Each structure stands twice: as C-alpha cells, then as structure tokens.
Amino acid sequence: SPGDVGNFARDLGWQGGYRVQFDTAFDIDAEPTSVSQDIAIYPQNRMPEIVDYVLRTETRNSSYFFVNLPDPKIGEFGGAYAAYEIKETSLSHTPEGKAEYYEIIFTKGTVFDVLRMTGPSADYTTLQVFAQTAYKKL
C-alpha cells in the first residue's frame, strides 16, 4: 500500500508492489539460506533513474564492502553485486571470505525487480538462474 513505501518512491511514481521471501535450513543450528524478491511497478520512463538510485544507495552501507559483479544481462536496466562483511581486524577494504549476500536488480517494462540471496549457501550463479526465471515469467 502507499503507506508502506516512502515519499521518494511515491514521487518516482510507485504504483504497487510486493515482497516474498523463502528461507531454508537443513540443520536447526545452521543459519538459513534466504532468497527474497521485491517487485514494484513504476512508470517505464523512470526506470533508469530508479535503478541508478537503488544501486547507489544499496551499496552505501558501511558495514559491507561491495563488489560489482558481471552484468547478468537480464532486463532493460539493472546490475548485480556481492556484499562482504567488513571485518574489524581487516585494514583493507577487500573481500574476505564468502559474500554475506548477492543481489541482482533488473527491469522489464514497468516492473522493477530485486532478488537477493543470503546465508551460507548463497550463490551468485543460482541467483542468476532465479532472476532469469523471474524475468521470463513477467
């Protein structure tokens, strides 16, 4: 509903949307792997501006080091990145260990879509397959 989104989204022409999330854990003591999808409808002519804004703001979180990933070539506009936790013991801002999450953003017509995969089994290749499937179903 319009009350669930901020003024900026409404100013960009937000017309509706939803979020779904799937979690799985094979071991009760293990952290779950999670896949989420956020879909919003905006005027098609605003998509380049929306994608640019989201990519810039999402990657400003100071708790993570972000690495742009190869263009997944999904949709008209978009991008992809991996987020790595910044370790307090690290003196450099370089990725260490496994990514905390992967995110792919794409558009198709008036649809803006964000897919994110987090957790110990998070995998960019798998997320790309999910994103390609989602794109085909739009």
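The conversation below takes the labels in turn and sets each value against its definition.

Tutor: Let us begin with the ground rules: this is a predicted model, in which local features need pLDDT of at least 70 and side-chain atom pairs count only at pLDDT 80 or more, while totals for chains, interfaces and linings use all residues. Residues are numbered from 1 along each chain as its sequence is written, and side-chain values use heavy atoms, with hydrogens and water left out.

Student: What is the secondary structure of the protein chain, and in which pattern does it run?

Tutor: The protein chain has 3 helices and 6 strands, where helices (H or I, at least four residues) and strands (E, at least two) are DSSP runs numbered from the N terminus. Read along the sequence, the pattern is α-β-β-α-β-β-β-β-α.

Student: Why is the link between Asp 38 and Arg 19 called a salt bridge?

Tutor: The term requires a side-chain nitrogen of Lys or Arg within 4 Å of a carboxyl oxygen of Asp or Glu. For the side chains of Asp 38 and Arg 19 the N to O distance is 2.7 Å, so the pair qualifies as a salt bridge. This pair links distant parts of the chain, since Asp 38 belongs to strand β2 (residues 33-41) and Arg 19 to strand β1 (residues 16-24), 19 residues apart.

Student: Why are Asp 38 and Arg 19 described as partly exposed?

Tutor: Buried means under 20% relative accessible area, exposed means over 50%, and partly exposed is what lies in between (1.4 Å probe, protein chains only). Asp 38 has a relative accessibility of 26% and therefore counts as partly exposed, and Arg 19, at 47%, counts as partly exposed too.

Student: What makes Arg 116 and Glu 58 a salt bridge, and which parts of the chain does the pair link?

Tutor: The side chains of Arg 116 and Glu 58 have an N to O distance of 3.2 Å, so they meet the salt-bridge rule. The pair links distant parts of the chain, with Arg 116 in strand β6 (residues 111-118) and Glu 58 in helix α2, 58 residues apart. Arg 116 is partly exposed at 23% relative accessibility, as is Glu 58 with a relative accessible area of 30%. Glu 58, Glu 103 and Arg 116 are linked in a network of salt bridges.

Student: Is Glu 103 buried or exposed, and how do you know?

Tutor: Glu 103 has a relative accessible area of 3%, and therefore it is buried. Glu 103 lies in strand β5 (residues 101-108), a strand that is mostly covered, with 7 of its 8 residues buried.

Student: Which side chains make polar contacts with Glu 103, and why does the term apply?

Tutor: A polar contact is a pair of N or O atoms within 3.5 Å; within protein, one must be able to donate a hydrogen and the other to accept it, and residues adjacent in sequence count only if both atoms are side-chain atoms. The side chain of Glu 103 makes such a contact with the side chain of Tyr 81 at 2.5 Å, and another contact, of 2.6 Å, joins the side chains of Glu 103 and Arg 116.

Student: What makes β5 a paired strand?

Tutor: Two strands pair if DSSP finds at least two bridges between them. β4 and β5 pair in the antiparallel sense over 6 bridges, and Gly 79 stands opposite Ile 105 in β5. On β5 and β6, which also run antiparallel, there are 8 bridges, and Tyr 101 stands opposite Thr 118 in β6.

Student: Why is Lys 73 called exposed, and where is its place?

Tutor: Lys 73 has a relative accessible area of 70%, so it is exposed, and its place is in the loop between β3 (64-68) and β4 (78-85). The phi of Lys 73 is near 55 degrees, a positive value in a residue other than glycine.
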